[in-house]
Amino acid sequence: MCEKKFDMDVPIPTIRSADKYGLGDFPLNGSKFFPATPYTSKYFRYNLSSMAKTANPGAKFITRSVVEGGKSGIRIWRTE
């Protein structure tokens, strides 16, 4: 049976932040390329856009799958 005891003062673990990917201070009309690896999730493009929007409230972003220099990846642009 489960005890009715609660742990107090346990800190909440930090989550991956936009700064991990350098999206914290995304300049207007700027863009950034992220090369794809065999381990890149199929949801990375959506997650990247979500992290950028969270780190830059009110800004708008566009992401596209691209091939640059022979490498496939994702590029994100800040449009507003």
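Good morning. I begin with a turn: in the hairpin of β2 and β3, two residues lie between the strands, and glycine 69 there adopts a positive phi near 60°. Please keep in mind throughout that this is a predicted model.

Read from the N terminus, the elements follow the order β-α-β-β.

The three strands make up an open sheet, arranged β1-β3-β2, with antiparallel pairing.

I turn next to the two pairings. Strand β1 pairs with β3, residues 71–78, in the antiparallel sense through five bridges. Within that pairing, phenylalanine 34 stands opposite isoleucine 74 of β3. The helix belongs in this picture as well: α1, residues 44–55, packs on the sheet and touches β1, β2 and β3. The direction of α1 makes about 140° with that of β2.

The other pairing, between β2 and β3, is also antiparallel and comprises eight bridges. Here isoleucine 62 stands opposite tryptophan 77 in β3.

Is threonine 63 buried or exposed? Its relative accessible area is 11%, and the cut-off for buried is under 20%, so threonine 63 counts as buried. Leaving aside residues up to four places away in sequence, threonine 63 touches Arg45, Ser49, Ile74, Arg75 and Ile76.

How many salt bridges does the structure hold? There is one. Glutamate 68 forms it with arginine 75, and the closest N and O atoms are 2.7 Å apart. As for the two partners, arginine 75 is buried at a relative accessible area of 14%, whereas glutamate 68 is partly exposed at 30%.

Let us move to the segment before β1, where glycine 24 is found. Glycine 24 has 16% relative accessibility and therefore counts as buried. Proline 13 is eleven residues from glycine 24 along the chain, and the C-alpha atoms of the two are separated by 19 Å.

Finally, some values for the chain as a whole. What radius of gyration does the chain have? The value is 17 Å, while a compact globule of 80 residues would have one near 12 Å. Taken along the principal axes, the C-alpha atoms fill a box of roughly 55 × 30 × 15 Å. Buried residues amount to 26% of the 80 in the chain. The chain exposes about 6,600 Å², of which carbon and sulfur atoms supply 56%. Among contacts between residues at least 6 apart in sequence, 53% join residues at least 24 apart.

To close, I return to the overall layout: an open antiparallel sheet in the order β1-β3-β2, with helix α1 packed on it. Thank you for your attention.

Notes:
Residues are numbered from 1 along each chain as its sequence is written. This is a predicted model: local features need pLDDT of at least 70, side-chain atom pairs count only at pLDDT 80 or more; totals for chains, interfaces and linings use all residues. Side-chain values use heavy atoms; hydrogens and water are left out. Two strands pair if DSSP finds at least two bridges between them. Helices (H or I, at least four residues) and strands (E, at least two) are DSSP runs, numbered from the N terminus. Contact means heavy atoms within 4.5 Å. Axes are lines fitted to C-alpha atoms, for helices over the stretch in contact, and angles run from 0 to 180 degrees between N-to-C directions. The radius of gyration is taken over C-alpha atoms; the globule rule is 2.2 Å times the number of residues to the power 0.38. Buried means under 20% relative accessible area, exposed over 50%, partly exposed in between (1.4 Å probe, protein chains only). Accessible areas come from the Shrake-Rupley method with a 1.4 Å probe; for residues, only the protein chains shown count as cover. A salt bridge is a side-chain nitrogen of Lys or Arg within 4 Å of a carboxyl oxygen of Asp or Glu.
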